[in-house]
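Here is a quick tour of a single protein model, written for someone who likes to check each contact on screen. Have the viewer open and follow along.

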Amino acid sequence: MPFDKTQIAKIYERTYSKVYNYFYYTTLSKERAEDLTSKTYIRFLEKFDLYDSNRAEVSAWLMGIAHNIWNDEYRKNAKYRFTQIDDIEERLLKQEPVELEQLETKTVVEALLGCLSEREREIVGMRYKMELSYNDIARITGLTEKNVSVILSRSLKKMNTILED
């Protein structure tokens, strides 16, 4: 189904923050998130004539493109693989000592997300930042809804454990 320029602009306005946040959650890098978001919309424009509204909402289809862009980038760029917990701890330790309550929320969230595997971060981001349903996450990732639910539950427990320590 071809879109006109007005429809494409509306799709972009409605979905940009979800796509950007997906990449920010998976990379924790503003610059990489911006680059990958741009690549996603370029591929969307190249492929939008293949979109079938009977198979998925346009936003779910776009998130599938974003997921594929991330997989391509991950395989292609081993040097960008995610920062491990030691690196994040080092970043936090460089700051002046403060109580957890005084840390900026963003820093805490980044540290917690950094403790998760890439797959966990991706799914947490899809669910809580992009507000996708379990069904949509399952379709995009190729996992079952039950598997998505288990990964989310374990990821949240892991982050809660870290916060309690």
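## Ground rules

This is a predicted model, so keep the thresholds in mind: local features need pLDDT of at least 70, side-chain atom pairs count only at pLDDT 80 or more, and totals for chains, interfaces and linings use all residues. Residues are numbered from 1 along each chain as its sequence is written, and side-chain values use heavy atoms, with hydrogens and water left out.

## Overall build

The protein has eight helices and zero strands; helices (H or I, at least four residues) and strands (E, at least two) are DSSP runs, numbered from the N terminus. Read from the N terminus, then, the element order is α-α-α-α-α-α-α-α.

Of the 165 residues, 41% are buried. Buried here means under 20% relative accessible area, exposed is over 50%, and partly exposed is in between (1.4 Å probe, protein chains only). As for contacts (heavy atoms within 4.5 Å), take the ones between residues at least 6 apart in sequence: 64% of them join residues at least 24 apart.

## Salt bridges

Side chains of opposite charge can pair when their charged atoms come close. The rule used here asks for a side-chain nitrogen of Lys or Arg within 4 Å of a carboxyl oxygen of Asp or Glu, and by that rule there are five salt bridges. One of them pairs K39 with E73, with 2.8 Å between the closest N and O atoms. That pair ties together distant parts of the chain, 34 residues apart: K39 sits in helix 2 (residues 30–47) and E73 in helix 3 (residues 58–76). K39 is partly exposed at 36% relative accessible area, while E73 is buried at 8%. R32 comes into the picture too, in a salt-bridge network with K39 and E73.

Next up is K158 with E120, where the closest N and O atoms are 3.0 Å apart. This one also links distant parts of the chain, from helix 8 (residues 145–164) for K158 to helix 6 (residues 118–129) for E120, 38 residues apart. K158 is partly exposed, at 32% relative accessible area, and E120 is buried, at 13%. For a local example, look at R139 and D136, whose side chains meet at 2.3 Å, N to O. Both are in helix 7 (residues 134–141), three residues apart, or about one turn of the helix. R139 counts as partly exposed at 46%, and D136 is buried at 18%.

The C-alpha atoms of L152 and E120 are 7.1 Å apart, although 32 residues separate the two along the chain.

Then there's H67, in helix 3 and buried at 8%. With residues up to four places away set aside, H67 touches Y22, E122, M126, I140 and T141. H67 and I140 are 73 residues apart along the chain, with their C-alpha atoms separated by 6.9 Å. I140 and T141 are among the buried residues of helix 7, along with D136, I137 and A138. Just after helix 7, G142 takes a positive phi of about 80°.

## The second largest pocket

The second largest pocket has a volume of about 330 Å³. Of its 14 lining residues, R55, A56, A60, W61 and G64 are closest to the centre. Helix 3 and helix 7 are the elements that each give two or more residues to the lining, and helix 3 gives the most, with six.For the record, a pocket is found on a 1 Å grid over the protein atoms alone, as an open set of points where a 1.4 Å probe fits, with protein on both sides within 12 Å along at least five of seven lines; lining residues have an atom within 4 Å of a point. Grid points are joined across faces, edges and corners, and the volume is the space filled by probe spheres set on the points.
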